[in-house]
Amino acid sequence: MNDLLKEKLVSVLKKSAADLVRFGSADRMRDPAVKKLFPEAKSVICVAFRQLRGTRRGIEEGTVYYQYTTSVETLEEVMIPGALLRGCSVLEEAGFEALPQRRFQLVMQEEEGTNFEVAYDEIYRGRKSETILDFEKCAVDCGLGEIGLSGSVLTDDFGPNQRWGFILTDAEFSPDEIVKPHLCDSCGECAKACPGHALGPDGKRNVWQCAAYYKGANRSKNPFMPPNAFADDPECLKIISGEADLSPERAREIIDQIRFYPPIKHAMVASMCGRACDTACYVHLEEKGVLKRKFNTPFRKRPVWTLPLK
Ligand code: SF4
Ligand code: SF4
């Protein structure tokens, strides 16, 4: 079943820096968007790239913050699209049609939703498109990994630290097995680590709360917040301690005032939390010794730091 082509495709994708390549049959995809996008699709190929552990070092130590967000942006805007195009060329050279799919950072179906990684006012909302892939669901159906309590996809290789895109094609390939969930033990470390209490104990994410605290509304985790930030707000202490319960309107007001650190490009917000939820998950999985990719030293080398609120 196109075994030689599969080998060639994986080799080209890996030469383009992909770390994990997983194949799913289009028939087993739960997301109806797959068939809407490409009715004749027979396979969905998930192409995943590691997020370098070192790009979290600055936020872990409270020193430099750009590396985390620029690495996310480079993966999403440069490396993933480039690798997908190369992979698609291999398939089209063999006479099959191939449709690359990267994350739509700026397009959402929900009217009141947001994507915490980008500026909320750049998002096109309410696009009732049935052709926006559910990236997490499709990754699971391709056999990439399992969904943890936090909503992040966890893999044996990198825990929650990877980004990915897809190739839809009418070429038929032998599918990988779907991963039986085994990594997430519901420890709750992800929710505990959030500086804005944006993850509930059940892992449900309040996306607007997340957007405000991803950008740095908690003073104890934001070295760039000036002393007078939110000083006139009656809820100042609640906001800067992460205890505020933010409606979408209130979150927007707060986000508009967080102008302490320049954004990146393409509307990506510079992250002050660096996805602390995922970092905590990674530390937990590393401590348990369940990740395949080993390092010479543990990621967490010192107690987690916090800054005074006043
Ligand atoms: S931190 Fe614990 S509960 Fe959260 S996703 Fe990771 S393993 Fe699951
Ligand atoms: S740690 Fe950051 S990304 Fe994770 S839920 Fe909290 S604010 Fe959002």
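In the predicted model, helix 10 is the element that gives the most to the shell around ligand 1, with 3 residues. This shell consists of 13 residues, of which G148, C184, C187, C190 and C281 are the closest to the ligand. Two elements, helix 6 (189–193) and helix 10 (276–288), each give two or more residues to the shell around ligand 1. By class, the shell around ligand 1 has 6 nonpolar, 5 polar and 2 charged residues. Ligand 1 lies between domain 1 (3–169) and domain 2 (189–288), because both domains give residues to its shell.

Ligand 2 is likewise surrounded by 13 residues, and the closest are C194, C210, Y213, C273 and C277. Helix 7 (207–214) and helix 10 are the elements that give two or more residues to the shell around ligand 2. Of these, helix 7 provides the largest share, 3 residues. The shell around ligand 2 divides into 10 nonpolar, 1 polar and 2 charged residues.

Contacts between the domains involve 30 residues of domain 1 and 31 residues of domain 2. On the side of domain 1 that touches domain 2, the elements giving two or more residues are helix 3 (57–61) and helix 4. Helix 4 gives the most to this side of domain 1, with 7 residues. The side of domain 1 that touches domain 2 comprises 12 nonpolar, 11 polar and 7 charged residues.

Helix 4 (residues 66–93) also packs with helix 1 (residues 3–15): the axes of the two helices come within 9 Å and cross at roughly 155°. Helix 1 is therefore roughly antiparallel to helix 4, and the crossing of the two is right-handed. The residues of helix 1 in this contact are K8, L9, V12 and L13, which meet A83, R86, G87, V90 and L91 of helix 4. By class, the contact of helix 1 with helix 4 is made up of 6 nonpolar, 1 polar and 2 charged residues.

A further helix pair involves helix 7, the element with the largest share of the shell around ligand 2. The axes of helix 7 and helix 9 (residues 248–257) are 9 Å apart, and the two helices pack at an angle of about 10°. Helix 7 and helix 9 are therefore roughly parallel to each other. In their contact, W208, Q209, A211 and A212 of helix 7 meet P248, A251, I254 and I255 of helix 9. The contact of helix 7 with helix 9 has 7 nonpolar residues, 1 polar residue and no charged residues.

Key: Residues numbered from 1 in each chain as written. Chains lettered and ligands numbered in written order. Predicted model: local features only at pLDDT ≥ 70, side-chain atom pairs only at ≥ 80, totals over all residues. Axes fitted to C-alpha atoms, helices over the stretch in contact; angles between N-to-C directions. Helix = DSSP H or I, 4+ residues; strand = E, 2+ residues; numbered from the N terminus. Parallel < 35°, antiparallel > 145°, perpendicular 65-115°, else oblique. Left-handed = near helix turned anticlockwise from the far one by under 90°. Contact = placed C-beta atoms within 7 Å. Nonpolar A, V, L, I, M, F, W, Y, C, P; charged D, E, K, R; others polar. Near = placed C-beta within 6 Å. Domains from an automatic or database assignment.
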